[in-house]
Amino acid sequence: MPNEKLLIVDDEKNMRTVLRRALSAEGYEVFEAATGKEALDVLTDVMPDLIVMDQKMPEMDGLTALKKVKRLLPSLPVVILTAHGNVQSAVEAVRAGATEYLTKPFDLDELKLVVSKALGVRDLFREVDTLRAELKREYDLATIVGQSDQMRDIYDVVKKVATTNATVMVYGESGTGKELVARAVHEYSRRSKKPFIQVSCAALPETLLESELFGYEKGAFTGANTAKKGRFELADGGTLFLDEIGDISPAIQVKLLRVLQEKTFEHLGGTKTIKVDVRIVGATNRDLQEAIADGTFREDLYYRLNVVPITVPPLRDRKEDIPLLVAHFLEKLGSKRKMSKEAMARLVAYGWPGNIRELENTIERAVILGSGDVILPEHLPAELRAEPVPGGPPVPIELPSEGIVLENLEKDLLEQALRRAGSNQTKAAKLLGISRHELLYRMEKFGLHGPAKRS
Ligand SMILES: Nc1ncnc2c1ncn2[C@@H]1O[C@H](COP(=O)(O)OP(=O)(O)OP(=O)(O)O)[C@@H](O)[C@H]1O
Ligand SMILES: [Mg+2]
């Protein structure tokens, strides 16, 4: 309460003095104005938290001044002092935006109460505003962090594809941020005001997934006591995110294929054909090429889905993003702590099999465990501190006395790896201990293209 500023507007000097004394005694900082015009003049300099204003003043009456104040500062609380028995003017004052009115004569305790109540209401509004701002911040922070080339490529694709209705498939290891990318596709699109509906395909048993996706009629199966809309309908006009789509059963694959081809479907137990306008974004951490090869994923469905593929690289392939992500997560946690150089070096050296999710958990844990201003290596999990020197066993090749051309050896090994992996780039990269990204770079360098298979 101290230091809150009140502006008293009254043409009677005695009245102003009485009010000022009473309110100063409560710890408010009190300013005075003798007319409505004067009040308006000082308003933006003083920036009061509340105005107490007499209604009946010469020149500009209180109501007129009130309206002008409200136009300038709509949320500023104003208490109006009205003449005894003039209900009509009290009503007018409230209509014009007065927070409260007091009829003269009033006792000073009553005034103090009204003032503190009006300030309380304002505090409540402020609180709502802060909460809203915080929510928005929460949302802003949910954006994708990363300035590596690989991530920039992804932003480009996301922005381009967002303007279309094309089906998008997001690939990547667990915890790489596939869901964030899927949401970004929605947020950047014309559909952003419409729903983003998510289905975790692996989490639901087949029959449940089917009824979740397509909805059902009353009596379609035991327990279907009422009809229910499916996620496809809920997403109408928006985006349907089919997470872990690589895990859906053959029966659902057939149904999904039909929806993708015809954009129509029926409820379970229903005959009415339902048409929807939905953009599909799928995500999987499975190798769909492999799944097609072993017969668990339909090739025709794959081509329907894989219109615009986006592969989110594992964190170990974009280590330059680690410091940015660390700062992002510290901020998200509201921590003022800094990462020490040594700890950061550990974070960068680590391989992050759980990708960004693992990094986020690690930072959270370090913030909880640590004390003081900096996070030290000892606040990190043991596996990070015991990180072995990168690389596998030494290669059993002895350098001939006449020497070699290193690039030829590199090319040869690259070809061997691709052959052995049946041109599966992910597998070939694994055999060479490099990322798929690095593999592609080297293939480009040596002009090796072959039957390119994405994975
Ligand atoms: N680039 C990024 N910037 C900031 N946060 C990220 C980024 N990528 C991922 N995250 C965060 O990491 C966590 C995991 O991301 P997300 O759920 O999108 O991964 P996923 O690929 O869908 O994982 P899974 O395959 O396990 O479902 C989330 O908390 C997400 O907010
Ligand atoms: Mg996910």
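**Entry 1: α13 and α14**

I started with the helix pair α13 and α14, and noted that α13 passes α14 in a right-handed crossing. A reminder to myself before going on: this is a predicted model. I then looked up the geometry of the pair, where the axes of α13 and α14 (residues 341-349) come within 10 Å and cross at roughly 120 degrees. Which residues of α13 and α14 meet? I found Ile322, Pro323 and Val326 on the α13 side, and Met344, Leu347 and Val348 on the α14 side. By class I got 6 nonpolar residues in this contact, with no polar and no charged ones.

**Entry 2: α8 and α10**

Next I went to α8 (residues 206-214) and α10 (residues 250-262), which pack at an angle of about 15 degrees with their axes 10 Å apart. I wrote α8 down as roughly parallel to α10, because angles under 35 degrees count that way. The crossing of α8 and α10 is right-handed. For the residues, I listed Glu206, Leu209 and Glu210 from α8, which meet Ala251, Ile252 and Lys255 from α10. The class count for the contact of α8 with α10 came to 3 nonpolar and 3 charged residues, with no polar ones.

**Entry 3: ligand 1**

Last stop was ligand 1. Which residues around ligand 1 come nearest? From the 17 residues around ligand 1, I wrote down Val145, Ser174, Gly177, Lys178 and Glu179 as the nearest. I sorted the shell by class and got 8 polar, 5 nonpolar and 4 charged residues. Then I checked the helices: α7 (178-187), α13 (322-332) and α15 (355-369) each supply at least two residues of the shell.

Why does ligand 1 lie between domain 2 and domain 3? I put it down as lying there because both domain 2 (149-311) and domain 3 (319-385) give residues to its shell.

Technical notes:
Residues are numbered from 1 along each chain as its sequence is written. Chains are lettered from A and ligands numbered from 1 in the order in which they are written. This is a predicted model: local features need pLDDT of at least 70, side-chain atom pairs count only at pLDDT 80 or more; totals for chains, interfaces and linings use all residues. A residue is near a molecule or strand if its C-beta atom, placed from the backbone, lies within 6 Å of it. Helices (H or I, at least four residues) and strands (E, at least two) are DSSP runs, numbered from the N terminus. Ala, Val, Leu, Ile, Met, Phe, Trp, Tyr, Cys and Pro count as nonpolar, Asp, Glu, Lys and Arg as charged, and the others, Gly among them, as polar. Domain bounds come from an automatic or database domain assignment. Axes are lines fitted to C-alpha atoms, for helices over the stretch in contact, and angles run from 0 to 180 degrees between N-to-C directions. Angles under 35 degrees count as roughly parallel, over 145 as roughly antiparallel, 65 to 115 as roughly perpendicular and the rest as oblique. A crossing is left-handed if the near helix is turned anticlockwise from the far one by less than a right angle, and right-handed if clockwise. Two residues are in contact if their C-beta atoms, placed from the backbone, lie within 7 Å.
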